[in-house]
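Let's take a look at how charged side chains pair up here, and then at a packed pair of helices.

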Amino acid sequence: MSRFSFGKGPQDPDAIAAVAPEDPVVRQYRYLLRTAPVDALEAAHLEAIPLLSEADQEALVATLRSSLLVGDHLTAHDHVKIAHLVTSGERRSPGQLLMGLPPDTLQDLAARVLLSESSFGLLGGYAYWDGAEPQPEDDSLWADGGFDPKVGRWAATSDPRVAYGLDGEGIGGNH
């Protein structure tokens, strides 16, 4: 017997799951993770994590350990550290943590972050987002640098004249 019928598409549950659309709450959460300012994301997670069940908090910590290889000394009650690791981990390796979370935990975390006061107003460009994951950040470029406030990242050099886009003129130099 065929698993296909005219006008209905595949009848195999695995095939349906493979092409099923992403849950809208999780998709909006992914959008926030990719586009929102880091401080707002951490604040939203700090609001959301204590509202998760104890089991979901434990699952989140376990996933941080297994997927991102961080948080060996964390407990489920280290909400500030967990919020920071979720945010920085997803920026560094987009999708890595989300793929490791149990689906129910991901759904609950996503919903609570979206409902947090800190995430209010951060979905402005969501309608135009293609849903694509960005490339993981290459930390090696920033290993020896100082902070570059123009881009909000560590610069590839620790020389402040270069880090701030100055060529040395005007910083104690001769005019």
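## Arg 30 and Glu 22

Arg 30 and Glu 22 form a salt bridge, with the closest N and O atoms 2.8 Å apart (a side-chain nitrogen of Lys or Arg within 4 Å of a carboxyl oxygen of Asp or Glu). Arg 30 is buried at 9% relative accessibility, while Glu 22 is partly exposed at 34% (buried is under 20% relative accessible area, exposed over 50%, partly exposed in between, with a 1.4 Å probe and protein chains only).

This is a predicted model, where local features need pLDDT of at least 70, side-chain atom pairs need 80 or more, and totals for chains, interfaces and linings use all residues. Residues are numbered from 1 along each chain as its sequence is written, and side-chain values use heavy atoms, leaving out hydrogens and water.

## The other salt bridges

The count comes to three salt bridges. Glu 90 and Arg 34 meet at 2.7 Å, N to O; Glu 90 sits in helix H5 and Arg 34 in helix H2 (residues 24–35), so the pair ties together parts 56 residues apart in sequence. Both Glu 90 and Arg 34 are buried. Helices here are DSSP runs (H or I, at least four residues), numbered from the N terminus.

Asp 108 and Arg 112 pair up too, at 3.0 Å, N to O. They're four residues apart in helix H7 (residues 103–115), so about one helical turn separates them.

## H3 against H5

The axes of H3 (residues 38–48) and H5 (residues 79–92) come within 8 Å and cross at roughly 135° (axes are lines fitted to C-alpha atoms over the stretch in contact, with angles from 0 to 180 degrees between N-to-C directions).

Note on methods. Helix = DSSP H or I, 4+ residues; strand = E, 2+ residues; numbered from the N terminus.
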